[in-house]
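This note is intended for a colleague who is meeting the structure for the first time. Please read the numbered points with the model open alongside.

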Amino acid sequence: MDYGSGGGPGGSGGGSHHDSSDKKKRYHRHTALQIQILESICLLASFYLILAYDAMESMCVHVLEKIGEIYETVLDRIHLSGKFILQLDRVSSIAAKYIGRPMSQLPPVQPIHMSSLDLSMATYGGSTANRMVMMNSAGPSLDLDLLTGSAMGASSSSINPDPPFHSSLHLSDMDKSVIADIASNAMDELIRLLQTNEPLWTQSRKDGTDVLNLDNYKRVFPRPNDNLKNPNVRIEASRVSGVVMMNSLQLVDMFLDSTKWIDIFPTIVSKARTIEVISSGLLSSQNGSLQLFLDLSQMYEELQVLSPLVSTRQFYFLRFCQQIEQGSWAIVNVSYNLPQYNPYAQSQFKAHRLPSGCLIQEMPNGYSKVTWVEHTEVEELAPIDRLYRDFIHSGLAFGAKRWLACLQRACERSASLMMANSSSHDLGGVIPSAEGKRSMMKLSQRMVNNFCSSINPSNGHQWTSLSGLNEFEVRAFLHKSNDPGQPNSMVLSASTTIWLPVPPQNVFDFFRDGRTRPQAYSPSQNSMLILQESCTDASGSLVIYCPVDLPAINIAMNGEDPSYIPLLPSGFIITTDGHQEITSAGGASTSNMTDHGADHRGSTSTGSLITVVFQIQVSSLPAAKMSPESLTTINNLVTNTVHQIKASFNCPSTTT
């Protein structure tokens, strides 16, 4: 299969025909050389048209129409690459402008139609429903309300301010041509990284993750100025595959919409926005034999680790989605920085995303096989906190394993609502109906998203460092809540991260158990129930809880809309410290690796990184300031909880 061609089911026109008109249009399969020549002619014509953009008035109409005939011939006879279709779309627009009418010879860009799938999802920065091709699928339609801002009353995007831009880019045709080349080349590289095993990839003996062989990669994909070594630059590269409980069309739809992208990855993506859709649509040849969807967008996102000790990573990048064949899609992300914006202004990392992304392949049972590649060049502008040095250098923080694990968790959550004959027995008879279960899960998902957005400050907010008796640092920031249950109130969020010489699974079991957790922290609210979400996967564990009063819980349990129930969650994030992964042979996923674990633990046994997060409402007035009393209250709350956690695990108070 030639993924690089981006072909669909059409291309060759063999077979018998029974009328004279069909015989006249009978096609034969072209050789690879003929295809290359035809495509080169059209791309060359594109190039000349763009160069002559300013002088187009003097171009003869019949020349443009002749180019249109060439395009039609090629479309009917060959499988097209994504780069060619992007150029075709742009050139036909230019030509139509100066001819004064559409070029009838060119195959039309068909309108986009949504399928019958019920994807009641919110959008941000442009609706994917107007861009995404939805074809019939044999797989079940999963209920995706739990993954979207519309279902939760407010999306993650509304909690954090937009990135520092407010208008479209107004890209010229030359700019779009350059962007198309970058995106197409990135797609070609990603396809090779997805298809090739050795010598590019070697499998880690620790967890089965594929690790990139950097020397072989540089030989296959040489880059200019690659010899200019910077000792502070590292390469993080990993690949992993797995089955996801969602069909391919639903996954593609979510990946192309920035709001859905945040909602499905709340623990990783803190902000995302589609800056501009550069090209999107479904192109078909005149005889209908070729249908190929593609989408190219300029995007922005911030990636996070759920700890105040790790700075977010900001990316301006191109996202290019191309349908490879029926039921198979490739999506590539590659950095493309805009000169007018500086994504590293307040970051400790200068990160450049090399071709990364995923291949989504439909399975007969309606699920999808997803192969994920993450490949990033990182320059550390400031030292990484010693607690997270191994975790980041091992590739666990931003690697492919974490992305796929979070995707699987989100899709399993959605699929759980589609179980046949769902009954109240699922939750011990507490929830009386399927509608009540659905409402409770919406409320819980909103709680998780609120929690994940409260750990790293948004634009315009700064940390306030508080004393923790010099053993650990408590960081706090004040922000306005946009949660529909507490509109415009001011919330103080505080968090800290500690290390314990205890396996992560033991820590997770301790926190999720209602009998042991009170040893560390017990809410003091009277007449309140505790809504708790506990989940674990290969990327780590979360235990998030929130006091909710009895009338509000009854609203959700009866299946009513829970969007306006006030939520102010707190909780714990548990991950491995990465030390065992980094010291295991073949387990490293990054370049420039050294053993940093022994300097503060002196053992190769794995420990846990535990982030403690608390939120308190300090005022219902949007202009309220951070008061010393509030800082003292939340500092004591975090500090006392940390000491109680250490005491519960028999750890000395000097352990940080």
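Which residue lies over the face of Trp261?

1. Arg319 lies over the face of Trp261, at 4.0 Å from the ring centre. A charge counts as sitting over a ring if NZ of Lys or CZ of Arg is within 6 Å of the ring centre and within 35 degrees of the ring normal. The charged end of Arg517 likewise sits over the ring of Tyr545, 5.9 Å from its centre.

2. On the basis of the model: it is predicted, so local features need pLDDT of at least 70 and side-chain atom pairs count only at pLDDT 80 or more, while totals for chains, interfaces and linings use all residues. Residues are numbered from 1 along each chain as its sequence is written, and side-chain values use heavy atoms, with hydrogens and water left out.

3. The chain has 17 helices and 18 strands; these are DSSP runs numbered from the N terminus, helices (H or I) of at least four residues and strands (E) of at least two. Of its 656 residues, 56% count as buried, that is, under 20% relative accessible area with a 1.4 Å probe and protein chains only, whereas exposed means over 50% and partly exposed lies in between.

4. The whole structure contains 18 aromatic pairs. Rings of Phe, Tyr and Trp (its six-membered ring) pair if their centres lie within 6.5 Å; planes under 30 degrees apart count as stacked, over 60 as edge-to-face and the rest as tilted. Phe510 and Phe511 form an edge-to-face pair, 5.3 Å centre to centre with 75° between the planes, and both are buried. One aromatic cluster includes these two residues together with Tyr521, Tyr545, Phe572, Phe614 and Phe649.

5. Helices H13 (residues 434-452) and H15 (residues 550-557) pack at about 125°, with their axes 7 Å apart. Axes are lines fitted to C-alpha atoms over the stretch in contact, and angles run from 0 to 180 degrees between N-to-C directions. H13 and H15 are therefore oblique to each other, a class left after roughly parallel (under 35 degrees), roughly antiparallel (over 145) and roughly perpendicular (65 to 115).

6. Two backbone details deserve a look. The peptide bond from Glu198 to Pro199 is cis, with omega near 10°, and Pro199 lies in the loop between helix H7 (173-195) and strand E2 (201-203). Asn650, although not a glycine, has a positive phi of about 55°; Asn650 is in the segment after helix H17 (628-648) and is exposed, at 71% relative accessible area.
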